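Here is a short briefing on a predicted model. Look over the sequence and the structure before reading on.

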Amino acid sequence: MEILRIFASEYPFYVISGFLIFLGIGLVLLKRNLLVAILALEVVFNGINLLFVTVSHYLGDPKGKIIVLVTLAVAAGSFAIGLILVVNYYRLTKSLSLEELKLLGERDEE
Amino acid sequence: MIERAIALLIFTTLFFIFTLFTFFFRHLVYQFLCILVLMVLQGILYLYLNAEFLAAIQVIVYAGAILVMFLFTLFLFPEEDLRDVKGDFRSLRYTSFLPVALFIFLFLWELIRGIPESYLPQKIYFDLREMASLLFNEYWIILFILAFILSFPMVALYVFFKEERENGNS
């Protein structure tokens with residue numbers, strides 16, 4: 001019964017948003033792929049959105065949900081631009097690895 | 001009360017399972033499908049937080065638009081680039097663990113300390129009609145900013161393909 005009382009409160013929302021943020025950070029760190037990195041950015045956005053909505057609900061303040069609406073549009077725009085950049089990067093280097101992401105860092109020795 | 005608790009217990013378990021699946025799958029399409037399930041589940045969670053409008057937006061925008069666009073982008077790449085070949089932990093930098101460790105510490109500290117009594121829900125309100133009236137009366141400037149932000153990807157797409165067409169002609 002105690003665990004059901006905990007799950008009736010706002011704890012599971014915090015835990016789930018923690019799962020999502022961990023998933024995003026872990027995907028970037030472990031998979032080392034540019035496409036996965038773009039997808040993981042969206043997952044982290046979603047975890048933070050869930051935190052915003054939870055706190056907004058439990059504090060009774062609607063501003064958090066308005067902020068989430070703005071974040072959704074920004075996330076959609078950044079995702080589209082990120083995908084365009086990744087496709088063009090792949091067209092230049094034929095690679096998706098984060099380790100080899102030094103196109104601007106290399107200096108021409110000649 | 002008990003129904004809500006049982007439903008949230010099931011949802012938390014589902015989130016945990018699909019988070020683990022996302023880490024363990026070695027192919028990007030399977031990881032994508034797991035994340036798609038997570039997004040739809042999050043839309044259902046918004047319903048438990050009395051945010052029906054956000055739940056609809058979550059399913060339409062994330063699961064319906066963004067991730068499907070990502071799936072169509074995946075079709076452009078060859079299949080061997082979508083596989084998780086290396087997966088080596090040696091490439092991790094030690095400094096990468098610092099924010100993760102900080103987050104774990106803060107998360108556990110909040111869980112141990114507990115939540116004060118004044119943090120209980122004060123008033124359950126904010127339905128769809130209230131949100132629409134708020135958006136179009138008080139926060140109307142946000143709609144203009146959103147329209148402005150959403151025009152960025154369209155302009156970027158136009159610029160990229162225009163350059164490509166010029167290169168192809170020359």
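How many residues does the contact take from chain B and from chain A? It takes 81 residues from chain B and 70 residues from chain A, where contact means heavy atoms within 4.5 Å. This is a predicted model, in which local features need pLDDT of at least 70, side-chain atom pairs count only at pLDDT 80 or more, and totals for chains, interfaces and linings use all residues. Residues are numbered from 1 along each chain as its sequence is written, chains are lettered from A in the order in which they are written, and side-chain values use heavy atoms, without hydrogens and water.

**Interface**
- Chain B and chain A bury about 7,000 Å² between them; buried area is the accessible area (1.4 Å probe) lost on being put together, summed over both parts.
- Carbon and sulfur atoms carry 78% of that area.

**Helix pair**
- Helix α3 (residues 34-59) of chain A packs with helix α3 (residues 52-74) of chain B at an angle of about 175°, with the axes 12 Å apart.
- The two helices are therefore roughly antiparallel (angles over 145 degrees, on a scale from 0 to 180 between N-to-C directions).
- Residues making this contact include A:Phe45 and A:Val53 of α3(A), and B:Tyr62 and B:Phe70 of α3(B).
- The contact residues divide into 10 nonpolar, three polar and one charged.

**A:Ser17**
- A:Ser17 lies in helix α2 (residues 11-31) of chain A.
- A:Ser17 is buried, at 2% relative accessibility (the cut-off is under 20%, with a 1.4 Å probe and protein chains only).
- Not counting residues up to four places away in sequence, A:Ser17 touches A:Gly47, A:Leu50 and A:Leu51.

Notes: Helices (H or I, at least four residues) and strands (E, at least two) are DSSP runs, numbered from the N terminus. Angles under 35 degrees count as roughly parallel, over 145 as roughly antiparallel, 65 to 115 as roughly perpendicular and the rest as oblique. Ala, Val, Leu, Ile, Met, Phe, Trp, Tyr, Cys and Pro count as nonpolar, Asp, Glu, Lys and Arg as charged, and the others, Gly among them, as polar. Buried means under 20% relative accessible area, exposed over 50%, partly exposed in between (1.4 Å probe, protein chains only). Buried area is the accessible area (1.4 Å probe) that two parts lose on being put together, summed over both.
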